[in-house]
Each structure stands twice: as structure tokens, then as C-alpha cells.
Amino acid sequence: MEKKLRVGILGATGMVGQRFISLLENHPWYEVVAVAASPRSAGKTYEEAVGDRWKMTTPMPEGVKKLNVMNVNEVEKVAAEVDFVFSAVDMTKEEIRAIEDAYAKTETPVVSNNSAHRWTPDVPMVVPEINPEHFAVIEHQKKRLGTTRGFVAVKPNCSIQSYAPVLTAWKEFEPTEVVATTYQAISGAGKTFNEWPEMVGNIIPYIGGEEEKSEQEPLRLWGEIKDGVIVKADAPVITTQCIRVPILNGHTAAVFVKFAKKPTKEELIDRLRKFKGEPQELNLPSAPKQFIQYLEEDNRPQISLDVDYENGMGVSVGRLREDTLYDYKFVGLSHNTIRGAAGGAVLCAEMLTAKGYIQPK
């Protein structure tokens with residue numbers, strides 16, 4: 001790419017906004033030129049607005065420290081500075097839908113980490129290795145919005161990243177029933193242990209809205225475009241429990257699967273290791289070389305050993321074995337704020353750039 005695309009981050013001071021900024025430092029295609037947040041942060045430098053709330057383990061990139069934080073509600077002003085934006089705003093769902101549509105209507109593509117538009121029928125919700133063909137629905141969305149280049153695209157919930165790719169790799173064996181329990185890190189709530197001390201040594205067996213997302217969003221990934229909208233798949237039937245655990249980063253899933261066609265363990269492992277998608281074929285900057293790794297050891301995957309696999313963009317799977325009630329069971333692990341949030345959105349943007357949906361203004 002001759003000249004880097006100019007990127008804005010909406011909701012730049014929050015945890016996911018910070019993750020976007022850290023991931024985009026030295027990105028070969030993109031340069032962060034605008035950071036936007038709530039009116040109370042507007043007018044300060046980014047360094048001043050974040051203050052002592054920088055939550056990443058790596059230092060704040062020098063290139064953003066002195067950027068003046070813009071008011072995220074001044075849509076035209078922010079949009080004039082950028083070629084496209086990443087959205088990680090902290091608002092109500094109605095407010096998020098309204099502001100993301102408003103940016104799109106300024107002919108500014110929006111790649112969102114938020115859940116507000118995940119079920120808007122003509123908004124693609126994409127894991128690039130699973131369903132990049134859903135980006136085709138953007139042309140129908142543009143007609144609704146009255147735009148030529150502006151649109152909204154989203155990535156799915158962090159909770160499904162540790163098992164939806166696995167089930168996709170096994171699609172030929174026709175999974176029919178899935179039981180998944182996810183053990184979810186506190187960064188999924190935008191928290192660190194300093195901010196949430198009651199999570200130390202604790203488990204909370206409820207995360208609001210998470211179980212519905214975990215059961216339904218994979219079906220939308222596996223759906224198809226009909227008459228300009230995405231229609232979710234009918235199968236498999238998925239039931240979940242989502243539990244908050246005292247881990248900073250990394251969502252683990254314990255999963256049971258029934259298949260219509262009975263595979264061998266060796267066939268299942270083979271499909272995981274061979275599974276790849278367009279990001280790997282296109283060699284996109286953020287794409288993991290090996291999307292899913294299978295670990296033979298009985299005590300893997302582990303957060304401390306495996307959460308950063310492929311720079312946090314890969315999925316780790318282990319403990320695959322036959323089950324007495326279901327056909328097979330396994331344990332999956334993914335990094336919730338990288339693959340599951342900002343990194344997944346960056347990969348979506350790279351795919352959209354490669355396909356020509358995101359271009360310089």
C-alpha cells in the first residue's frame with residue numbers, strides 16, 4: 001500500500017479503544033490520525049484523557065499521546081479527518097446504532113466492535129476465516145443508507161471465538177447439537193483486577209446477555225444472504241452457560257458436540273490443523289499463519305501458555321475425546337480482546353480493504 005489509510009477510533013479511551021491503538025501501532029496499512037471519545041474527554045490530549053487508566057501491558061504509543069481527543073458526537077468533524085473508523089463507543093444500543101449509521105452516512109466506513117448492529121439484517125457480522133462472503137450484503141445496506149462508500153460492518157461476540165471456528169472446521173460432519181460453557185476473562189467487561197478487586201479468587205456465574213449471544217451469533221455466521229439480508233442457519237442447536245472467572249485475558253470454552261456424520265478423532269484433528277480461510281490465502285497483516293492449533297498434552301490449552309498464540313489472533317484446542325452422552329468433547333481458548341474484539345475488527349478491516357470496500361476518500 002503506497003500511502004497508509006487514515007483511521008479514527010471512536011471510544012478511544014476505553015479498554016477496547018486502547019487495544020485498537022496498541023494493535024495499530026506500526027500497522028503497514030493504517031495510521032491512527034483521529035481519536036474520539038465522550039465530551040468530557042474532548043479537548044484534552046489522548047495522554048491526558050486516559051491518564052492513569054491505560055490498561056495495556058505495552059506502553060501507550062508515542063504517535064497518539066499528543067493527538068487531541070475529538071468529541072465523538074461531532075460526526076462530520078471527525079469524519080472529515082479519516083478514511084474509515086473503528087467503533088468501540090460505550091453507549092446504549094440505540095445510541096450506538098444511531099451514531100454508527102451517522103458516520104456511515106458521511107461516506108465513512110465503520111468497522112465496529114459493538115453488538116448494537118449484529119442483528120441488523122443488512123449489516124455483515126464476520127469472522128474473516130468463516131464468512132467473508134457476507135460482506136457482499138454491504139451493497140444492499142448502502143442502498144438503504146443512501147451512500148456510495150459508507151457502511152457499517154461488525155465482528156461477533158468474544159465468547160464464541162473459542163468454539164465457532166472449531167465447529168466451522170468440522171462442518172462436513174454436520175454438528176447437530178452443541179453444549180458450551182465459557183469461562184470468560186474480566187477484560188471482557190473492560191476491567192482490570194485493580195478496578196474489580198472482588199473478582200480476585202472469585203467466580204460469577206452470570207454475564208448479562210452473553211448466553212443468548214453465544215447461542216445465536218454462530219448461527220448468523222453460518223447463515224446466507226437472501227434477498228439482500230442475512231438469514232441465520234437453522235443448525236446446530238446450541239446451548240451455553242457463560243461464567244466470569246478471575247483471569248485477565250482469555251476466554252476458555254468446554255464444549256460437547258453431536259454429529260450427524262460420525263468422524264474419527266484423527267479426522268477432527270486433521271480438519272482443525274488444515275483449517276484456513278481468505279485471510280491466510282491473502283496473507284493479511286493481522287492474519288494468523290495457523291488459525292487453529294491442536295495441542296496433544298492433557299493439560300492444554302492453558303491461559304498462561306497459549307492465550308497469546310499467533311499474537312492473540314489464533315485459537316488453541318485440546319482435550320478432544322469421545323464422550324458418553326455426546327459424540328466428542330473438547331476445550332478451546334481464544335484471546336478475548338485481541339481475536340475476540342479489536343484484533344478481530346482489524347482483520348475485518350484488512351479484508352474489507354483487500355476487497356475494495358475501504359479505500360482512501
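Strands S2 (30-37) and S3 (69-71) run parallel and are joined by three bridges. Helices (H or I, at least four residues) and strands (E, at least two) are DSSP runs, numbered from the N terminus. Two strands count as paired if DSSP finds at least two bridges between them. Across this pair, Val 35 stands opposite Val 69 in S3. The model is predicted: local features need pLDDT of at least 70, side-chain atom pairs count only at pLDDT 80 or more, and totals for chains, interfaces and linings use all residues. Residues are numbered from 1 along each chain as its sequence is written, and side-chain values use heavy atoms, with hydrogens and water left out.

S2 and S3 belong to an open sheet of six strands. The strand order is S3-S2-S1-S4-S5-S6, with parallel pairing. S3 (69-71) and S6 (152-154) are the edge strands; each has a single partner, so one side of each lacks a neighbour in the sheet. Neighbouring strands are turned by 30 degrees against each other on average, direction ignored. Helix H5 (residues 93-105) lies across S1, S4, S5 (110-112) and S6. H5 runs at about 150 degrees to S5. Axes are lines fitted to C-alpha atoms, for helices over the stretch in contact, and angles run from 0 to 180 degrees between N-to-C directions.

Thr 181 stands opposite Ala 254 in S11. S7 also pairs with S10 (residues 237-244), in the parallel sense and over eight bridges. Here Gln 184 has Arg 244 of S10 as its bridge partner.

Helix H1 (residues 15-24) is mostly covered, with nine of its ten residues buried. Buried means under 20% relative accessible area, exposed over 50%, and partly exposed in between (1.4 Å probe, protein chains only). Among the buried residues are Met 15, Val 16, Phe 20, Ile 21 and Leu 24. Arg 19 is also buried. The buried residues of H1 pack against strands S1 (5-10), S2 and S4 (84-87), and against helices H2 (46-50), H3 (62-65) and H12 (338-354). Contact means heavy atoms within 4.5 Å. Asn 26 follows H1 and has a positive phi, near 65 degrees.

The largest pocket has a volume of about 1,200 Å³. Of its 47 lining residues, the closest to the centre are Val 16, Ala 88, Val 89, Asp 90 and Asn 114. H1, H5, H8 (210-221) and H12 each give two or more residues to the lining. H1 gives the most, with four. On a 1 Å grid over the protein atoms alone, a pocket is an open set with protein on both sides within 12 Å along at least five of seven lines, whereas a cavity is a set of points where a 1.4 Å probe fits but cannot get out; lining residues have an atom within 4 Å of a point. Grid points are joined across faces, edges and corners, and a volume is the space filled by probe spheres set on the points. The count comes to one cavity of 30 Å³ or more. Its lining includes Val 126, Lys 155, Arg 339 and Gly 344.

The structure holds zero disulfides, a disulfide being a pair of cysteine sulfur atoms within 2.5 Å. For Cys 242, the nearest cysteine sulfur is that of Cys 158, 9.1 Å away. Cys 242 is buried, with a relative accessible area of 0%. The sulfur of Cys 348 is 14 Å from the closest cysteine sulfur, in Cys 158, which is too far for a bond. Cys 348 is buried at 1%.
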